[in-house]
Amino acid sequence: MKSISGDLIAPRLARLRQEKTAVAVNRLLYECLRDAIHDGSLPAGTRLPPTRDLAAEAGISRNTVMHAYEQLIAEGYTRGLTGSGTYVAERIPDLPPLKPGNPAVAPAGKSVAGRLSRRGRKVVMGAQAQATQWGAFLPGVPDVTQVPHAKLAQITARLSRELPPSTLSYATNGGYARLHQSLAVYLRQARSVVCEPGQIVVTEGVHQAIDLITRVLGDAGDHAWVEEPGYWGTRSILEINGIRLKPMPVDAEGMRFPIQATARPPRFAFVTPSHQYPLGPVMSLSRRLDLLNFAAQHGTWVVEDDYDSEFRFSGHPVASLQGLLPGAPVIYVGTFSKTLYPGLRMAYMVVPAPFAAAFRTAQSKLYRGGHMLQQAALAEFMDSGQYAAHIRRMRLIYAARRAYLIQLVEQSLGPGWVHEYDSNAGLHLVLALPPGTDDVAIAAEAAARGVIARPLSIYYFGRNPSPGLILAFASVPQEEMLAPWQVVARCILEAVAKKR
Ligand SMILES: Cc1ncc(COP(=O)(O)O)c(C=O)c1O
């Protein structure tokens with residue numbers, strides 16, 4: 001049977017569903033009804049249509065309608081009289097005050113940014129993470145379609161029946177003990193890291209590890225050497241925590257720095273020695289030793305971000321910096337984001353043994369932590385050899401994709417475009433563009449044509465960035481690479497021709 005309120009609600013709901021495709025329908029229906037009650041379209045005492053009728057009129061399930069009705073009753077907008085239907089309440093609650101444009105939130109003449117705290121502004125201004133996090137040639141993302149989800153799910157399902165309830169509670173002690181053991185074995189074998197399980201803290205990504213390190217070992221006003229160009233994620237967290245950045249140039253041997261005493265030695269040196277991000281060189285042995293000696297002498301903490309070292313396509317894997325001089329003030333950080341998938345938000349750090357308890361306490365106090373079931377599953381996945389097998393398989397896939405992309409680049413542009421510091425590793429290539437080329441404009445043009453090619457210049461802190469493009473090949477199968485590459489190549493050639 002058609003109802004008056006059904007006539008009113010069904011078209012409003014249809015409109016909302018087109019506008020807000022990501023929002024659950026029961027939530028949209030609840031909003032429709034709530035707004036209609038507020039604007040008087042459904043006055044006090046109105047009987048809402050029976051759930052079955054409204055479901056039929058709006059073309060949605062009865063359960064969806066029931067959910068929305070229950071929410072309205074719970075919030076006092078309606079009352080349900082058992083057996084006789086749902087009615088709009090006599091006195092309705094005020095609308096929640098936090099609506100965009102509400103003067104109480106953003107008074108006329110004052111921007112939202114103007115009302116944020118200084119720290120809040122640092123957090124949100126200049127953020128570089130893109131809304132799109134998948135597709136050619138987005139950097140930093142492995143081929144997540146290749147993750148052995150079925151195997152992981154099988155382990156997780158079994159463990160969820162076997163594990164004690166404590167594993168579903170808050171995580172303390174830096175994560176799940178068995179994962180510490182599995183990681184210690186893996187890191188010793190694969191990365192030459194010198195560690196015991198008790199030195200490992202599992203974090204929600206490298207980002208959280210960097211935040212924790214900066215908060216536990218640094219104070220606002222401390223200095224940190226960071227690579228120039230370098231990873232913006234690290235820089236943002238340091239800046240938010242009040243650490244002053246000293247960008248240090250990168251050359252073919254990695255980050256360059258003064259080896260003699262400086263007036264004010266930095267509190268931290270953040271480096272990516274296995275595969276400098278984004279340019280790609282491996283830090284040379286002599287530079288590594290210089291850095292460790294400097295750090296030991298001056299009380300500087302070296303933070304080794306070993307984010308994608310598993311993917312090196314020729315020669316031997318590069319051993320970690322941490323393992324080179326046991327006892328040196330190094331914190332090693334690694335992640336499952338590149339070997340498995342970023343959405344897992346699982347990384348780990350190895351801290352010198354005397355600091356382990358402090359880091360575990362701080363982690364629990366700051367973030368509480370969880371995901372013990374996933375950590376238990378990962379431990380089993382690693383111990384069974386399947387993790388190493390997955391990495392070996394992906395290494396071959398990525399090597400082939402990389403070689404194919406280089407072939408495409410050379411066919412379209414000729415030789416000499418891959419950056420001179422490239423070391424045949426990782427998940428992306430850097431193309432060096434002729435000096436003076438506007439790489440931001442090229443990237444914008446490529447984006448307008450549907451392809452992501454991040455400009456190299458945005459990875460620089462200083463005023464003299466070199467232009468280039470970051471092209472990640474890891475998530476793009478060969479058969480899908482030609483079309484996006486042709487878009488990028490056209491954008492580059494058009495920009496270079498315009499410059500002449
Ligand atoms: C150098 C570097 N470190 C760390 C990360 C991110 O690691 P996570 O996803 O574990 O936060 C990235 C991601 O692209 C990276 O490029």
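Hi everyone, let's start in a loop: Gln 322 is found between strand S8 (301-305) and strand S9 (330-335). Helices (H or I, at least four residues) and strands (E, at least two) are DSSP runs, numbered from the N terminus. A quick word on the source: this is a predicted model, where local features need pLDDT of at least 70, side-chain atom pairs count only at pLDDT 80 or more, and totals for chains, interfaces and linings use all residues. Residues are numbered from 1 along each chain as its sequence is written, and side-chain values use heavy atoms, with hydrogens and water left out.

Is Gln 322 buried or exposed? Gln 322 counts as buried because its relative accessibility is 10%; buried means under 20% relative accessible area, exposed over 50%, and partly exposed in between, with a 1.4 Å probe and protein chains only. Leaving aside residues up to four places away in sequence, Gln 322 touches Val 193, Val 194, Glu 304, Val 330, Tyr 332 and Val 350, where contact means heavy atoms within 4.5 Å.

For contrast, take Val 185 in helix H8 (residues 177-191). With 39% relative accessibility, Val 185 counts as partly exposed. From Val 185 to Cys 195 there are 10 residues in sequence and 8.8 Å in space, C-alpha to C-alpha.

Now, the ligand. Which residues surround the ligand? They are Gly 140, Gly 205, Val 206, His 207, Tyr 231, Tyr 277, Asp 305, Tyr 307, Thr 335, Ser 337, Lys 338 and Arg 345, near here meaning a heavy atom within 4 Å. Helix H9 (residues 205-217) supplies the largest share of this shell, 3 residues.

Of the 400 Å² of accessible area that the ligand has on its own, the protein covers 93%, by the Shrake-Rupley method with a 1.4 Å probe.

Last stop, a sheet. Its 3 strands form an open sheet in the order S11-S13-S12, with antiparallel pairing; two strands pair if DSSP finds at least two bridges between them. Strand S11 (428-432) and strand S12 (454-455) each have a single partner strand, so one side of each has no neighbour in the sheet. S12 and strand S13 (residues 468-472) run antiparallel, joined by 2 bridges, and Pro 455 stands opposite Leu 469 in S13. Thanks, all!
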